[in-house]
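Visitor: I would like to learn how to read a protein structure. Please take me through one, a feature at a time.

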Amino acid sequence: MTSPETLAFMELAIHQARLALDALEVPVGCVIVEDGKVIATGRNRTTETRNATRHAEMEAIDVLLGQWQKNGLSMAEVAEKFLNCSLYVTCEPCIMCASALSILGIKEVFYGCSNDKFGGCGSILSLHSSNTTPVNKKEFQMYWRYNGIRSCPSLSNIL
């Protein structure tokens with residue numbers, strides 16, 4: 001059973017996906033949550049930036065790293081903060097993003113649909129439970145909350 005809180009955060013991720021689609025990007029969006037509050041958002045910007053690494057997750061991570069650096073947090077404090085963060089993303093993180101999330105030690109990932117071509121959280125590779133050692137020495141929990149993109153009305157509406 002999906003909690004109302006999870007649905008609310010996924011709706012915010014869907015809003016980011018709509019923004020990506022409006023900008024002629026692949027419609028993927030995400031939010032990063034700490035202590036029940038959204039602390040960063042991201043959407044795909046690969047076409048806009050002409051940079052293939054500008055996936056929604058990387059955009060949100062960069063927002064956080066910039067904020068935390070500006071606030072004077074040490075590398076150890078930043079690593080500790082990621083341990084308390086959850087990611088809500090409309091599509092399963094790709095191998096690149098799943099690797100980054102694993103290295104950062106993010107607590108958990110919720111995604112709306114699988115990524116049958118590039119999925120790094122179980123569809124192609126399972127980087128959330130790999131033998132690689134994250135900075136925080138902790139695997140993140142992965143949750144697939146929907147049974148595919150068409151089963152979530154909000155996701156269906158943007159396609």
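Visitor: Is Cys91 buried or exposed?

Guide: First, a caution about the source. This is a predicted model, in which local features need pLDDT of at least 70, side-chain atom pairs count only at pLDDT 80 or more, and totals for chains, interfaces and linings use all residues. Residues are numbered from 1 along each chain as its sequence is written, and side-chain values use heavy atoms, with hydrogens and water left out. Now the general idea: buried means under 20% relative accessible area, exposed over 50%, and partly exposed in between, with a 1.4 Å probe and protein chains only. Cys91 has a relative accessible area of 16%, so Cys91 is buried. Cys85 is buried because its relative accessibility is 0%.

Visitor: How many disulfides are there?

Guide: A disulfide is a covalent bond between the sulfur atoms of two cysteines. Here the test is a pair of cysteine sulfur atoms within 2.5 Å. By that rule the count is zero disulfides. Cys91 is in no disulfide, and the nearest cysteine sulfur, that of Cys113, is 3.8 Å away.

Visitor: Which residues touch the most other members of the largest nonpolar core?

Guide: In soluble globular proteins, nonpolar side chains tend to be buried together. A nonpolar core is a set of buried Ala, Val, Leu, Ile, Met, Phe, Trp, Tyr and Cys residues joined through side-chain atoms within 4.5 Å. The largest core here has 26 residues, and Ile32, Leu87, Val89 and Val109 touch the most other members. At least two residues of this core come from each of β1 (29–34), α3 (56–70), α4 (75–82), β3 (85–89), α5 (95–104) and β4 (108–111). The largest share, six residues, is supplied by α3. Apart from this core lies another, of eight residues, including Ala13, Val33, Tyr88 and Phe110.

Visitor: What does Val89 touch?

Guide: Contact means heavy atoms within 4.5 Å. Leaving out residues up to four places away in sequence, the residues that Val89 touches include Met10, Val28, Cys30, Glu57, Val109 and Tyr111. For the protein chain, take contacts between residues at least 6 apart in sequence: 55% of them join residues at least 24 apart.

Visitor: At what angle do α3 and α4 pack?

Guide: Two packed helices are described by the angle between their axes and the distance between the axes. Axes are lines fitted to C-alpha atoms, for helices over the stretch in contact, and angles run from 0 to 180 degrees between N-to-C directions. For α3 and α4 the angle is about 135 degrees, with the axes 11 Å apart. That makes α3 oblique to α4, given that angles under 35 degrees count as roughly parallel, over 145 as roughly antiparallel, 65 to 115 as roughly perpendicular and the rest as oblique. On the α3 side the contact is made by Ile61, Leu64, Leu65 and Trp68, and on the α4 side by Val78, Lys81 and Phe82.

Visitor: Which residues of α5 are buried?

Guide: They are Cys97, Ala98, Ala100, Leu101 and Ser102. The elements covering the buried residues of α5 include α3, β3 and β4. Just after α5, Gly105 takes a positive phi of about 80 degrees.

Visitor: Where is Gln16?

Guide: Gln16 is in helix α1 (residues 4–22). Gln16 counts as buried because its relative accessibility is 11%. Among the residues it touches, not counting those up to four places away in sequence, are Val28, Thr41 and Arg43.

Visitor: What is the phi of Asp35?

Guide: Asp35 is not a glycine, yet its phi is positive, at about 50 degrees. Asp35 sits in the loop between β1 and β2 (37–43), and counts as exposed because its relative accessibility is 68%. Arg50, also not a glycine, has a positive phi of about 55 degrees. Arg50 lies in the loop between α2 (46–49) and α3, and is exposed at 81% relative accessibility.

Technical notes
Helix = DSSP H or I, 4+ residues; strand = E, 2+ residues; numbered from the N terminus.
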